[in-house]
Amino acid sequence: MLYFLARLLIAPLVRLVCRPVVRGSRNVPRCGSVILASNHLSFIDSIVIALLSPRPVHFLAKDAYFTGTGLKGTLTRCFFAAFGCIPVERGGHRSAQASLEAAERVLASGRTFGIYPEGTRSLDGRLYRGRTGVAWLALTAGAPVVPVALTGTDRLQPVGRRLPRYHRITVEFGKPLHCATLGEGTRPALARRAVTDEIIRAIGDLSGQERAYTYATVPQTGDTRGHV
C-alpha cells in the first residue's frame, strides 16, 4: 500500500520538478516476472526507477534500514518500504545466497526485481564489470532481463549529498534479453559470466558510458540496495 501511495503522490512531483526523459517503457513486459538490470550512479537511482518504471519494482536493502527504533527508525522503515525495498541481512557468502533467494521469490510471484550488476555505485561515471548474481538469477528464474540506463542521477544527487537538487535525468529501458541460450552448452560458471557480460554490454549501449573492465570498489558509505 505504501508503494502505490508513493507512486501516486510522488511520481507526478518528480515528473514536474525534474522533467525526466523516459524512453523504452514499452520494452518492459506488462505481466510475468522480469529483471530490471541498471547502471548505478547515485543513491537515488532505486527511487527514480521505482517511480518511473511502468511496473512496480522491488529492490533488496540491508535489514538495518528496517530495524531502527523511535521516530527516525519508523520514518526510515516506511521510506524504504514505500519504494518496494525488501530487507535482507548483508555480509558474507551465506547472506549473498539469501539475497539471491529473496530475489528469486519476488520473481517466482510474477513481480519485477531491480538489480545493479556492477555491485555498487560508480564513483567516476564509468560502467564497471558485472557480478554474476544477475545471471544466476535470470537463469534460475527463467526471467527476461531488461537493461536500464540512467543518466544524470549522479548530478541530481551526487555521492555525499543528503538531498537531491534540480537536474534533468533520463531513464531508458532497453529490449528484453532472454538469457537461456546465452552461454548454452558451456559450464555453469562460464554461462553465468557470458550472460552477465551481455547484460553489461546492453546497459553500456544504452548509457554510452566509458567501460571499465574491473570490478567497482564499494564506497565507504556502504551502498547496499539491489546488489547480489
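Reply: For sorting a lining by class, Ala, Val, Leu, Ile, Met, Phe, Trp, Tyr, Cys and Pro count as nonpolar, Asp, Glu, Lys and Arg as charged, and the others, Gly among them, as polar. The model is predicted, so local features need pLDDT of at least 70 and side-chain atom pairs pLDDT 80 or more, while totals for chains, interfaces and linings use all residues. Residues are numbered from 1 along each chain as its sequence is written, and side-chain values use heavy atoms, without hydrogens or water.

The largest pocket holds about 1000 Å³ of space (an open set of points on a 1 Å grid over the protein atoms alone, where a 1.4 Å probe fits, with protein on both sides within 12 Å along at least five of seven lines; lining residues have an atom within 4 Å of a point; points are joined across faces, edges and corners, and the volume is that filled by probe spheres set on them). Its lining comprises 33 residues, and those closest to its centre are Phe43, Ile47, Phe79, Gln157 and Arg162. Two or more lining residues come from each of α1 (2-18), α2 (45-52) and α3 (70-82) (helices are DSSP runs of H or I with at least four residues, strands runs of E with at least two, numbered from the N terminus). The largest share, five residues, belongs to α1. Sorted by class, the lining consists of 21 nonpolar, seven charged and five polar residues.

Among the residues closest to the pocket centre, Ile47 lies in helix α2 and has a relative accessible area of 16%, so that Ile47 counts as buried (under 20%, with exposed over 50% and partly exposed in between, for a 1.4 Å probe and protein chains only). Beyond neighbours within four places in sequence, Ile47 is in contact with Phe79 and Phe83 (heavy atoms within 4.5 Å), and Phe79 is itself another of the residues closest to the pocket centre. Thr170, which is 123 residues away from Ile47 in sequence, lies 13 Å from Ile47 in space, C-alpha to C-alpha.

The helix that carries Ile47 is mostly covered, with eight of its eight residues buried, and these run from Asp45, Ser46, Ile47 and Val48 to Ile49, Ala50, Leu51 and Leu52. The largest nonpolar core has 32 residues, and the most contacts inside this core are made by Leu36, Val48, Ile49, Leu51, Phe83, Val171 and Phe173 (a core is a set of buried Ala, Val, Leu, Ile, Met, Phe, Trp, Tyr and Cys residues joined through side-chain atoms within 4.5 Å). Two or more of its residues come from each of α1, β2, α2, β3 (57-62), α3, β6 (145-151) and β7 (170-173), with α2 giving the most, six residues. A second, separate core of 24 residues includes Ala37, Leu107, Leu127 and Cys179.

Returning to α2, where Ile49 is buried, the contacts of Ile49 outside four places in sequence are Leu36, Ser38, Val57, Phe59, Tyr116 and Leu150. Ser38, one of these partners, lies in strand β2 (residues 34-38) and is buried, with a relative accessible area of 1%. With residues up to four places away again set aside, Ser38 touches Ile49, Ile115, Tyr116, Pro117, Val148, Leu150 and Ile203.
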